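Reader: Let's go through this one together. Can you show me the sequence and the structure?

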Amino acid sequence: MIRRLLQVLLLVGLGVGAWLVRPGTIEPVRDRALEPQPPAFAGCFGAAERDVAALVSVGSIVRGDVIAQLVSPAGTAPVKEAVDGAGAALVDFGDLGAAGTVGVLTEFPSADAAAAVTMRRGDATAATAMCTPPLTGSAIAIGASTGTGESAELVMTNPYAVDAVVAVESSSENGDDSASELASVLVPARTTVTRDLDGLLPLRTSLSVRLRVERGAVHAGILQEAQGDVASVEAVAPAQDWWLPVLAVANSGARLVIATDSPLPVNVVVDSYRAGTVSEAVFEGVVEARSQLDLDVGEVGELPMGIRVSSDGPVVVGLVVNGEQTRALSPATTLSTEWLLPGVGAFDGARAWVFNAGEVSAELVLQPLASGLAARAVEVPARAAVSVPMETGGAGMLIRSSSEVAVLWSTRNGGLALGKGHPVAVLTD
Amino acid sequence: MTVSLSEDSERVPTATPTVAAAILFIEELALPVTLESVRSQVYEVESVAIIGGGDIGRRLAEKADVTHADSLAIFVARLDTSIDYVWVIHGDVRPRPDALGALVAETERNEASLVGSKVLNAAAPDRLESVGAATDVFGEPYSGLDPDEVDLEQYDVVRDVAFISGVSMLVRRDLIRGLRGLDMTLPPVAAGLDLSQRARIAGGRVMVAPSSEVLHLRACRHEGDGWRELAGRMRAMLKAYKWLTLLWAVPIGWLVLLLDAVARLSLGRVGPMVDMAKASFWNLVRLPSTLASRSLVRAVRATGDEELFRYQVSGSVRLRNLGSDMASRFGWIIDQEPGRVSEEELEREVSLSGPIGAGVAAALVGLATRALWLGGAPASGFWLPLGSSPASVLGSYAGGWNPSGLGSTESTHPVAALASGVQWLLGGWVGAQSLLTLSSIVFGVWGVARLLTRLGISGAARWLGGAVFVVGPFARVFTENAYWPGFLALGALPWLVDAVLSPADHTFRSIAGKVGRIALAAALAGAPAPMAVVIPVVAVILAVPIMDKSKLRPSSLWWAVVAVVIGADLISPYLLGIPPSALNVDLLDGTSWPALWWLGALALAAVLSATFGSSLEARTAGWGGALVAAGLLGVGMLPGEFEVAAMLLASLGAALVVGGAAHAHAGSGMVVRTGRGLALVAAAVVVASMIPAIVDGRIGLTEDGWSERLAFVSELEDSAGPERALLVGDSLPGEVRSGQGYDFRLITGSRPTLDQAWLAGDRIGDRALARTLIAVDGGVNARPGAALAEFAIRWVVVADDAPLSEVLGPQVDLAERRRVEGWTVFENLAFRPRVSGDGWVATRTAASGPASDSVVRLADNADPGWQPGWTQDEWSNALSAVDGTITYRPDPLRQGLAVASAGLLVLAAGLAFWGRAR
């Protein structure tokens, strides 16, 4: 009896022990997934026609080879250019074998580089747009119009080996205003797909295109012809804080377009910075879900000024300059202490739009990305937007600032070209 | 009646038929008894002769004053025509005084030609030996009698039979003369069959006269079986049947023999296979003589084969006996040890519960595994198909290059070597793995039943325990984790424990047999689960406070240690360089842990049986419970192969708990009866846990994913040798390496194979690949394919939910080829082969190509074992192409150990067979 009791006790004891150390679910011990890093490549698009001179300008902090390749199913040979001593490289669309509206993939020596496409047709028109990182989520291209005599072309280029599928919607002055034909667009690998917005959505005076990349990755934007000028704007990902300098352009007016792909209405607040003062909440409004807001810059304040747009939802803010022989588009940008302005050197008379939102003056050092050109210093007063002339030649300009600034640039070459700079080092709190 | 039998066939019946007795010499001592009994017959014989026996027979004849003839045919030829009948009788028979009279009376009354006596056992005169017999179409005798059946005159009917025993028969003199007597090349039973068949097709009646009783001393019984009788039956068939009948009867009969021989071989009996071979050869040699005899039969043939068929049983007697033997074997396994089982237990054993339990267990296991047999095994986890080159896998085990991942010098897992060895022995048969799985199931159930029987458990409980062992929740942990080696080890583990516990007498043969059994079981359990060789030690230690000395001998612990030593020796090539992952990586996921209610029921069954069961049940269930608890402790505390062994231990314990609890018999007293009843209910709940497995039919095995995902790869694979694929995501086959938020691994070829399941420890190339993947994962570079091409990766298979998949959208040199259920297959457009030289083709462990003075790069982990002209090229190998071939030089120590292990294994099998209990 005692033996049996001991046996039972042994059994129970072992059982309790087993219960206490029972294994749990194996949770794989994994390192933190890597934060997305800025890619060392960018894609852009442009029109390469006989009377259009299109150029990829690359500015790079790191020396090495730049590889540019036309987006083509046939797989054209890439063009390799070395970054010169000034940190610049230039690739002509003609050297890539481009014809028509095409895409180009540019690979840099490092992520501390940027490229832009500039186009000019004689002395009449000019346009520029930044080459962007691949879009794999949502993005919005703002500021198109399809009025009488105007054309707008949505360009989606996929330089990659994987097919992409993009859902395209749009909003206009009529609110959510989409074409069913664009509900799901296949962009095959190594292919550029264009859609005529003026045919699909005619007679819109302000059109923002929302893209949602469902598979793969693309680079996208809008090519616009209006007012006898050419403009291009790249699609960018929505954010909640935007900054932009706005300068006066002769014989033109400027509009601020705020678009969202949010399924909920978004509250926006616009602050203006001018002559050392800040006017907060000069505009407060609501952007309806999947819609846009069109705001005359004149209603916000007197030019030149800096504008900050903050919101409680994802939006994209852009600037549309419209006037006689003038149509220019650019997304707003962010703050940074270091900017690359590729493409600036392609035009005579280009100027940088610099917005210093800080409380003290910003000391800028401008380093042309062109051999033989010396750096120079410029001071930008606090809480003001100023125009800074750029040197011609090379790939553009590298700007280093003592404090955070927002930078766009423009050139008047008959028509107006307007583009944003590339923030090399973004400082965040 | 035919006229061709003899020249005096038209004899005139006499008033009193005359009989000559022909006593066939069997044994010197028995013959005088027979002679005296013949002489003292009420019905007197005209003459007596002794047939055969050589000089002894001749001397005995002289001494008894009777004639002697060397053969029956000679004797018959000499007989006077006045003799009507010949009484052919064995020389070890004591006929009752009226035996001959009854034979003559019935022969005359029925106008029969050949009449036999009822044969009783002289040692037990109430036991029947023969009252005539039927055969099947292949000549296999079927008496219909149970062994030692008591004669209650239940068969006392004069009737026609297929053949009569040659022990005592009365045959018409003219008939036996026309048939040229007995075929003296045949042993007695076959000779009786042969004569009976020839008599029947000559138009005679073959009958048995039960009123004629003879007592058989059975001195000739050793001649009743064996290859000579089998050969005789074959010859009788060849002589009697028409060609048309032989056309189908011979091949089918031979197939039946083969099936029987193979089945009995699986039971450890070689005899039937040898008998079959010898009998076939004997008939082949005597074919001319058989054909000559056949022509004689044709001369006297009066009827067709259908006259023979009338007295034959349908089907095959041999197969029927085989089925009966198998059922007996499965229903009553441990009967080899005389004196071990009590009479009471024997009575219980022969009850129907054993076979029924076996049948139920077989049905449960069959239902629970049906999808594996109907749909094939999946490629998942460690349940992976065997490679197409078993020899190279064996080479990898024996100190050669192990190409798993980026290659290493570590031995491949011994289960891969075991499976490849079996595959190699079966000529590369693709079904080798299924055969192993099936064997594991069958031997797992059988082994548990055998172990429980050794512990004293009988009836259906043993089989239910066996079923729980292979498809219960603990076993399903292996299937749900797709860990095939663990499942395979289930087949050998109970045999290992049983071999350790089995008694051995002090003869060399017995001890050698036990060593052989232990070694064989340790190898078969240790190859799939290397740490399982330790289980007997744990099991015996836990049994010490529980089992009594009749079940657990003091030497058992030493035998358990012997199992560890031998088992470790047999897998020494692996243990010599066991990868760290084998000892520190969790192989079994806790999500497959048995449900709480099931563990509760198991614990209840163990505790209640240990408390209220009979001593037998308490010991068994108590020991089982202790094994379960120890196993679970091990699973909770130990990783890697130890964890697998612990789970095996738990599964064995669960089987013993069920065996003990389900064996419960009603006891005395309300409390005891209630306790045992509850234990039985708890055991039933444990058994019911197999229902989910029965419903899904896959014993929880995960669905196949990789066959389809990689089918595309095999379609596109070119002839430059197997190419590498990088798999990224969760639920990858085999072992994995951890990336930044995902798992990854390499496989070589168009499918993951078992030998690749285990990865070696991180080497220089593996670290380089990990760094490359981190870079790719960052998405900085647009050309991940070029980076992966360094590692000869042509295919990248990525789970869509893996973080890495996000960066494989914007890239230019990994082309998407297929999307399958959440996975995407990319082809690397920048691919470079594993061996870089033009025209070079790589196999798993070598490469060849045009000889030249150049250097070729081998994209495997750098190792100086590669030759010729090895130098390190970053993390890979640079080799001279001067020979036109590059090979890996195996480690001679591990190679020698592997060869020695194989030799030991064969020796162990031989010893186990030689020293098996008889």
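**Chain A, then a helix pair**

Author: Of the 429 residues of chain A, 54% count as buried (20 or more other C-beta atoms within 10 Å of a residue's own, with C-beta atoms placed from the backbone). This is a predicted model: local features need pLDDT of at least 70, side-chain atom pairs count only at pLDDT 80 or more, and totals for chains, interfaces and linings use all residues. Residues are numbered from 1 along each chain as its sequence is written, and chains are lettered from A and ligands numbered from 1 in the order in which they are written.

Reader: How many helices and strands in chain A?

Author: Chain A has 4 helices and 32 strands. These are DSSP runs (helices H or I, at least four residues; strands E, at least two), numbered from the N terminus.

Reader: What is the mean pLDDT of chain A?

Author: It is 88, and 91% of the residues of chain A reach 70 or more. pLDDT is the predictor's confidence in each residue, from 0 to 100. Over residues 25-34 of chain A it is below 50. Where pLDDT is low, the predicted coordinates should not be read in detail.

Reader: Switching to chain B. At what angle do H28 and H30 pack?

Author: About 50°, with the axes of H28(B) and H30(B) 9 Å apart. Axes are lines fitted to C-alpha atoms, for helices over the stretch in contact, and angles run from 0 to 180 degrees between N-to-C directions.

Methods. A residue is buried if 20 or more other C-beta atoms lie within 10 Å of its own, exposed if 12 or fewer, and partly exposed in between; C-beta atoms are placed from the backbone. Two residues are in contact if their C-beta atoms, placed from the backbone, lie within 7 Å.
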